[in-house]
Structures are given as structure tokens and as C-alpha cells.
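Please look over the sequence and the model below before reading on. The paragraphs that follow go from the whole chain to single residues.

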Amino acid sequence: MSAPRTTLPWPLIALFAAGYLAPYLLPTTVGRLDSGLALTATEAGAVGSALLLSSAAAGFLLASRVDRVGPRALARIGLTLAVLGYGGAALAHAVPAVVVGALIGGFGSGTSTAVAATGIAAQPDPHRTTTVGLLGVSALAGAVYLTVPHLGPGHGQPLAAIALTALAVWPLTGRLPLATAPARTRQTPAPLPHPRAGLLLAGTLLCWSLAQNALWGVSGRIGLTQAHLSEATVGAVFAIALGAGLLGVVGAGALGPRLGHALPVGGGTVLIAACIALSASATDLTSFASGEIAWNTLYPIVLSYVIGLAASLDPRGRWAVLVGSASSLGTAAGPLTGSLLASEAGFPVMGTVLAAGLLLIAVPMTAVAMGAGRRALPVMEIPVETQAYDKATAA
């Protein structure tokens, strides 16, 4: 039976979306750094990697400190850094200033994500909350992809979109607690439970995210240079792909625990590998759109299960933050890895290498998912609240 609407922690969901927006906008951010500033494609990919590395650093630094500092104060610090960093990078024209702003903004995104992940892990159904958050960030990113090509050239538009999102989420932080609930603050420090499963999940998710974002970081260039599409067409493909991701997550939520956890994580990763190979070898609109749409349909489904998997390992949220930060490290290395592989071997070979890596790590990820299934990890059932995100997508 679906939970009442009031049970969803909307401030945490909004904070989650604000923190995750930067990785979702990576192709247009890197592409516009390349075209709008005096940067090569590899240099633009390196800036994108530095932004995401800063976000990962925040997650590792704050994994065990959210309770100590307090969710409300830390969320406001993160959002402030995101507004100032991304906003400053959007307005700046000197490359060093843009890089510094991106690093500050990335740290703010990571801080926001750490607070959201810790709070979500303490929810009765963390997978359900995570999936609604992914629905929100997918809808928001899709709207940005449809809008940015019509706002003229320059590097600042996607960065400004992230800054404005952080600013819009700020009022909701008043509904976050000043400190953690007494029941949690009474808990004495304890070692991380399930260390082997947590470390294995963190290591494999680092590689998993690297492969995803190696392609995602250069997808814009594949569409523009290899498939010979316009920026508006590529943006429309990305928006449709993210919309397909919304439908995929809703479908997975409707199925709930019927599929178990090994099939969505392991089987989904194998299918993603095939999509990456197809996208990287695309030479026209049909193959490019097919690969991107199929890939983006599967990506948030698998990611939602993996994040819920991490949350199930520790109800205090430490594994959720640490695994998320490991994912951010892979995400950070992705743009530069993709740019280097593409420049040295071409897009199709890059796709083949990434797909092969995903097939290898699908095995240990499935093993962890099977263990979590035996612990009865809660799985989301999508209720009517997602109608709000359908409206956001339409807008």
C-alpha cells in the first residue's frame, strides 16, 4: 500500500536534486566550456572532472560529520557554496576564475548531497525517497537541456542553472532539523557494519560511475561531431532520454520487490554496457538517440537500487555517504577518461572498453545485491506524488 504524501521528506528530496544536478548537466557543461572558453576538449573534460572531484571530497570529508554539525547548518553551507561557486563561474570569463568557481560549487554540491544521503538513509524506505529524488533531478535536467540551446552561446548557462537551483532550494532548509533526533544522538560511536559488502560496493560503484560518466561527459561531442547533429537536436535527445529515465524509474517502482535486487543491479548493468557501446558508435540521429534513450532509461533504475543498497548497510547513513562519494570519484574521473580514450582511440573503441569494464564489475555488484536481498532491503513503491514531477517534465 502506498505511503501517504506527507511521509515523503521533501526538503531532503530537494536537497538531493540540487546536489545531483551538476553530474546530470555534465555533457552540456563540458561542451560549453570547450566552445565558450579557450579550452581544448581534454582541458574542458579535466575541468568537469575537477568539479566532480571537489564534490566527492566533500562527501568523504563529511560522511561522519553531518550529525555533529547539524543537517540544517550544513545544508545551508553547501547551498551557499553552490550559489557563489557556480554563479561566479557562470559570470567569469577568465579560465582560472571559472575553474575556482567550479571547484567551490562542486564542494557545495557534495556537501548538499552528503546531508541528503544521511537523512535519506534514516528514512523507513530510503530507496523510495532516493527514487523520487532521481525523478526530480531528471525532470529538472531535462528542462535545462531543452532551454539552454535557445539562450545563446557561452559557458555560463548550465552553471547558472545549477546556482539558481541551489538558491531555490534554500528556503526548504528551514524544515531540516537543527540537530539529529535524540534517538540517534544517544547512539555511541560504532564501527561500520557489513564492511566487506560496503567496501566492495564502494569499489565497484566507483568503476561503474566512471564508465557511465566517461560516455556521458563526451556524449555531446559524439552527437555533434560523429553523428553530425545540431546542438538543439542533441539537447532534445538528452531531454527525451532523461524523460525516458523518469518512466523507467516509475516502472521499476511499480514492480517494487518483485524483481529482487540482483536482477536490476546486475542485469541492468549488462544492458547499460550494450547501450554504451551503441551510443559511442553512433553515426546518425537514429543510432545516437536509441543508445542515449535506452541508456538513460536504465541508468537511474540501477542507480536507485544501488543507493538504496548502500543505505541498507548502515541505518546511520555512513555507508550511503561513503558509497555515494566513491561514486562521485568515479564520476569525477569520467569526463577526463572519456576525453582521453576518445582522443587516442576514437569514440567506438572507447565505448567498447567501457562496456567490457561494466561487464566485469557486474559480477561483484550482483553478489552484494544478492546479500542485501537476504537482509530484506526495502524497495520503493511509486505513489501518486510523482505526478508533480510529470508536470515538471511537461513544463
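**A walk through the chain**

The accessible surface of the protein chain is about 15,100 Å², and carbon and sulfur atoms hold 71% of that area. Accessible areas come from the Shrake-Rupley method with a 1.4 Å probe, and for residues only the protein chains shown count as cover. This is a predicted model, in which local features need pLDDT of at least 70 and side-chain atom pairs count only at pLDDT 80 or more, while totals for chains, interfaces and linings use all residues. Residues are numbered from 1 along each chain as its sequence is written, and side-chain values use heavy atoms, with hydrogens and water left out.

The protein chain has 17 helices and zero strands. Both are DSSP runs numbered from the N terminus, helices being H or I with at least four residues and strands E with at least two. Of the 395 residues in the chain, 56% are buried; that word means under 20% relative accessible area, exposed means over 50%, and partly exposed lies in between (1.4 Å probe, protein chains only). Among contacts (heavy atoms within 4.5 Å) with a separation of 6 or more, 88% join residues 24 or more positions apart.

What lies inside? The largest nonpolar core has 107 residues, and Trp 208, Phe 288 and Met 350 touch the most other members. Such a core is a set of buried Ala, Val, Leu, Ile, Met, Phe, Trp, Tyr and Cys residues joined through side-chain atoms within 4.5 Å. Beyond its neighbours within four places in sequence, Met 350 is in contact with residues including Ala 214, Val 218, Ala 280 and Leu 341.

Helix H14 (residues 285-313) gives this core its largest share, 14 residues. In H14, 22 of the 29 residues are buried, so the helix is largely enclosed by the rest of the structure. From first C-alpha to last, H14 reaches 42 Å, close to the 42 Å expected at 1.5 Å a residue.

Ser 109, in helix H6 (residues 95-121), is buried at 3% relative accessible area. Apart from neighbours within four places in sequence, Ser 109 is in contact with Ala 18, Gly 19, Ala 22, Ser 55 and Tyr 86. Thr 29 belongs to helix H2 (residues 26-36) and is buried at 6%. The side chain of Thr 29 reaches the backbone oxygen of Leu 25 at 2.9 Å.

His 228 lies in the loop between helix H11 (219-226) and helix H12 (231-255). With 63% relative accessibility, His 228 counts as exposed. Its phi is positive, near 60°. Most residues other than glycine have a negative phi.

Conventions
The expected span of a helix is 1.5 Å times one less than its number of residues. A polar contact is a pair of N or O atoms within 3.5 Å; within protein, one must be able to donate a hydrogen and the other to accept it, and residues adjacent in sequence count only if both atoms are side-chain atoms.
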